[in-house]
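Reader: Please show me the sequence and the model, and then let us go through a few local features one by one.

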Amino acid sequence: MIPVCISLKNRNVLIVGGGKVALRKAKLFLREEANITVISKMFEKEFDDLSVNCITDKYQHKYLKDMFVVYAATNSREVNLQIVHDCQQLNILCGNAHNSDESSFHSMAFLQNDLGLIAFSSYSKLPYSKPLVYEMMITLEENREKVELLEKLRPYIIQYSQNVKECYKGLYNCDIETLSSVYHDFMEGNYEKYKDLL
């Protein structure tokens, strides 16, 4: 598996199922500004408050037309498997609430802020992995000053470094005072003293 972040903005997303899992996914996809259609015979009441297209019906192959992502969240393993199979035939990304091993993507526990996004998958080993993600986010916050300085240094490193990755690795291991000093030197055009680093 290769972890990627996919933009769903203005993309067509289909959720099959109207229960709590489907509701949770709908809220998540709405945050990404997706165009969401939900197919189900019954819907959780909260769906009334969401800007999604709810269609009262059973799953039918025709609903896959023009979809970018599909999430199978019915209470029937067989129906979910059929949805996954149909999506595979059409090369549509499909998640399965019953079994992520049968999906083309896995849902991950994640948190994000202005510094970045941290996502984690235990490959279904843990039923609840949010605490681990919170701990990772705390570590990121503890390194906020360093991350912000590295961000400011980025254009200089890209422009002048022969090996960007190794340069960043060296800078990451510096303390804040050294990083701050490097940044001010770079702003003033004093690159010569950092030839070994670059």
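**Strand and helix contacts**

Author: Strand S2 (residues 35-40) is mostly covered, as five of its six residues are buried (buried means under 20% relative accessible area, exposed over 50%, partly exposed in between, with a 1.4 Å probe and protein chains only). This is a predicted model, in which local features need pLDDT of at least 70, side-chain atom pairs count only at pLDDT 80 or more, and totals for chains, interfaces and linings use all residues. Residues are numbered from 1 along each chain as its sequence is written, and side-chain values use heavy atoms, with hydrogens and water left out.

Reader: Which residue in S2 is the bridge partner of Val-16?

Author: Strand S1 (residues 12-16) and S2 pair in the parallel sense over five bridges, where pairing requires that DSSP finds at least two bridges between two strands. In S2, the partner of Val-16 is Ile-39.

Reader: Is Glu-33 buried or partly exposed?

Author: Glu-33 lies in the loop between helix H1 (20-31) and S2, and has a positive phi of about 60 degrees although it is not a glycine. Its relative accessible area is 47%, so Glu-33 is partly exposed.

Reader: Are H4 and H5 roughly parallel or roughly antiparallel?

Author: The axes of helix H4 (residues 144-160) and helix H5 (residues 164-172) come within 11 Å and cross at roughly 150 degrees. Angles under 35 degrees count as roughly parallel, over 145 as roughly antiparallel, 65 to 115 as roughly perpendicular and the rest as oblique. The crossing angle therefore makes H4, relative to H5, roughly antiparallel.

Technical notes:
Axes fitted to C-alpha atoms, helices over the stretch in contact; angles between N-to-C directions. Helix = DSSP H or I, 4+ residues; strand = E, 2+ residues; numbered from the N terminus.
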